[in-house]
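Open the model in your viewer and keep the sequence beside it. The tour below moves from stop to stop, saying at each one what to select and what you will find there.

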Amino acid sequence: MPELPEVEALAQFLREHAVGAVVGRVDVAALSAVKTFDPPVTALSGRDVTGAGRWGKFLGLECDGLWLITHLSRGGWLRWIDEPSQTPPKPGGKSPLALRVHFFTPEGMTPAFDLTEAGTKKRLAVYIVDDPKLVPGIARLGPDALEVTEEQFGAILHGASQRIKTAIVDQSLLAGIGNAYSDEILHTAEISPFATTKTMSAATISVLYEAMRSVLADAVQRSVGQDAARLKGEKRSGMRVHARTGLPCPVCGDTVREVSYAERSFQYCPTCQTGGKVLADRRMSRLLK
């Protein structure tokens, strides 16, 4: 799933490549992806692209007073195409394409971007609004993970009373962090994913806050400026524990372990994070005695 660093990089990519262009035709290939009907998608056509933004993991393109907002969910992505097909896609097909936006640039080029979604569970969402706060998911967001103060961060955690892994991916508490970067942040801070927020000391919260800031800022620095097609690879290359089950921890050399639950899993290092204890790999996970 694209998280704060990748979505920030995509927003910057759109500022550099789409701002100044005029929206041409908008092709909807997956009708279920469009969550709003007024204004219609067709209202974007003919408008100047005036900006791009990010709210947590939501990405937005500003088109002269209207916003195209998308949440890419787990399998979604944005693909920039310099020479797109001019044949409209057939709605309801098996293609991963959900939406295509065509542009006319001042240089006379006609690029486009595709919003695509891999997998069978289609959760990518698109909204056309005149105010991003009208998107329900944006209205519910907590403070941005790169903008929250340490004092606010501590108050959020002490008020959550849940496992830290659960708390920092809860978008209503803190916006922008998902499964991957939460693994990296907790590993950097040397904190167990099962630590309880309400009992965390001020010193531990300070360490976690600094880890969050450094991990996300580093990822943003590595991601911004990358071609959109290369962002996924850049994300994977920077990971120390996430998606590295069975590999050695780059800090201590211990084997990276995994806990699976529901449809997801997370990774951690026992030596760095849990005092050598291994977390039980089952849905009702707890520390092995």
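Begin by selecting β2 and strand β3 (residues 58-63), which run antiparallel and are joined by five bridges; strands here are DSSP runs of E with at least two residues, helices are runs of H or I with at least four, both numbered from the N terminus, and two strands pair if DSSP finds at least two bridges between them. Within this pair, look for Arg54, whose bridge partner in β3 is Leu59. Before going on, note that this is a predicted model, in which local features need pLDDT of at least 70 and side-chain atom pairs count only at pLDDT 80 or more, while totals for chains, interfaces and linings use all residues. Residues are numbered from 1 along each chain as its sequence is written, and side-chain values use heavy atoms, with hydrogens and water left out.

Now widen the selection to the open sheet of four strands, ordered β2-β3-β4-β8 with antiparallel pairing. Because β2 (51-55) and β8 (125-129) each have a single partner strand, they stand at the edges, and one side of each is left without a neighbour in the sheet.

Buried means under 20% relative accessible area, exposed over 50%, and partly exposed in between, using a 1.4 Å probe and protein chains only.

Then move to Asp170, in the loop between α4 (164-168) and α5 (179-189). Asp170 is partly exposed, with a relative accessible area of 26%.

How many disulfides does a search of the whole structure find? The search finds zero, a disulfide being a pair of cysteine sulfur atoms within 2.5 Å. Select Cys249 to see this: the nearest cysteine sulfur, that of Cys272, is 3.8 Å away.
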